[in-house]
Amino acid sequence: MKVGLYFGSFNPIHHGHLIIANFMLQNSDLDQIWLVVSPQNPFKQSASLLNSYNRLNLVQMAIEGEPKLKASDIEFRLPQPSYTVNTLAYLQEKYPTHEFAIIMGSDSFENLAKWKNYEFILQHCPVYVYRRPGHDIINNFKTGTIKILDAPLLQISATHIRNNIKQGKSIRYLVPDKVLEEIERNRYYL
């Protein structure tokens with residue numbers, strides 16, 4: 001089975017994430033997409049993050065009934081902050097019959113050379129890159145399999161959603177209905 005690993009804070013998950021995941025399933029050789037909730041991204045401040053388990057719960061709600069999408073808490077059991085190379089090595093050992101690929105936006109791809117042991121990642125895992133507004137895809141890597149997919153360009157961001165919540169503005173249509181209800185019920189991001 002070929003699994004696309006879609007890493008993210010998912011703070012919160014929104015329709016943009018789901019559209020990208022679905023696009024990757026429909027337009028690549030991936031059999032499943034695992035949405036890997038990162039408890040602590042080394043490039044982001046932890047103070048702005050909702051609790052890891054609450055974010056995982058929102059992802060699970062968002063993909064309920066989608067058999068090819070899976071919410072993963074694998075990084076919850078690994079040392080913090082979360083480094084993709086460590087997660088990838090762990091998954092390859094735990095699931096030796098699976099083939100893994102990494103899904104990332106062009107904004108993350110721009111910073112790939114700054115990732116811990118990025119050479120190992122490129123040697124052992126194909127990278128599927130989708131365009132993000134304002135971030136061109138320039139592949140300067142000499143090794144590795146980089147697949148560029150022209151996914152829909154969406155200007156939905158978790159930061160925008162969190163700001164709307166803080167300002168008392170609606171986030172309807174930006175997140176799945178179940179996610180909206182859970183955020184409102186628990187007063188997340190206020």
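Biologist: Why is aspartate 29 called partly exposed?

Modeller: This is a predicted model. In it, aspartate 29 has a relative accessible area of 38%. Buried means under 20%, exposed over 50%. The 38% falls in between, so aspartate 29 is partly exposed.

Biologist: What makes lysine 147 and aspartate 29 a salt bridge?

Modeller: Their closest N and O atoms are 3.6 Å apart. The cut-off is within 4 Å, so the pair counts. Lysine 147 sits in strand 6, residues 146–149. Aspartate 29 sits in the loop between helix 1 (15–26) and strand 2 (32–37). The two are 118 residues apart, and the pair links distant parts of the chain.

Biologist: Why is lysine 147 called partly exposed?

Modeller: Its relative accessible area is 30%. That lies between the 20% and 50% limits, so the label for lysine 147 holds.

Biologist: How do you know that arginine 131 and aspartate 150 form a salt bridge?

Modeller: The closest N and O atoms are 2.6 Å apart. That is within 4 Å, so the pair qualifies. Arginine 131 lies in the loop between strand 5 (127–130) and strand 6. Aspartate 150 lies in the loop between strand 6 and helix 6 (158–166), so the pair ties together parts 19 residues apart in sequence.

Biologist: Are these two partners exposed or partly exposed?

Modeller: Aspartate 150 has 54%, over 50%, so aspartate 150 is exposed. Arginine 131 has 32%, so arginine 131 is partly exposed.

Biologist: Which residues are joined into one network?

Modeller: Lys2, Asp29, Glu99 and Lys147, through salt bridges that share partners. The whole structure has eight salt bridges.

Note on methods:
Residues numbered from 1 in each chain as written. Predicted model: local features only at pLDDT ≥ 70, side-chain atom pairs only at ≥ 80, totals over all residues. Heavy atoms only, no water. Salt bridge = Lys/Arg side-chain N within 4 Å of Asp/Glu carboxyl O. Helix = DSSP H or I, 4+ residues; strand = E, 2+ residues; numbered from the N terminus. Buried < 20%, exposed > 50% of the residue type's maximum accessible area, 1.4 Å probe, protein only.
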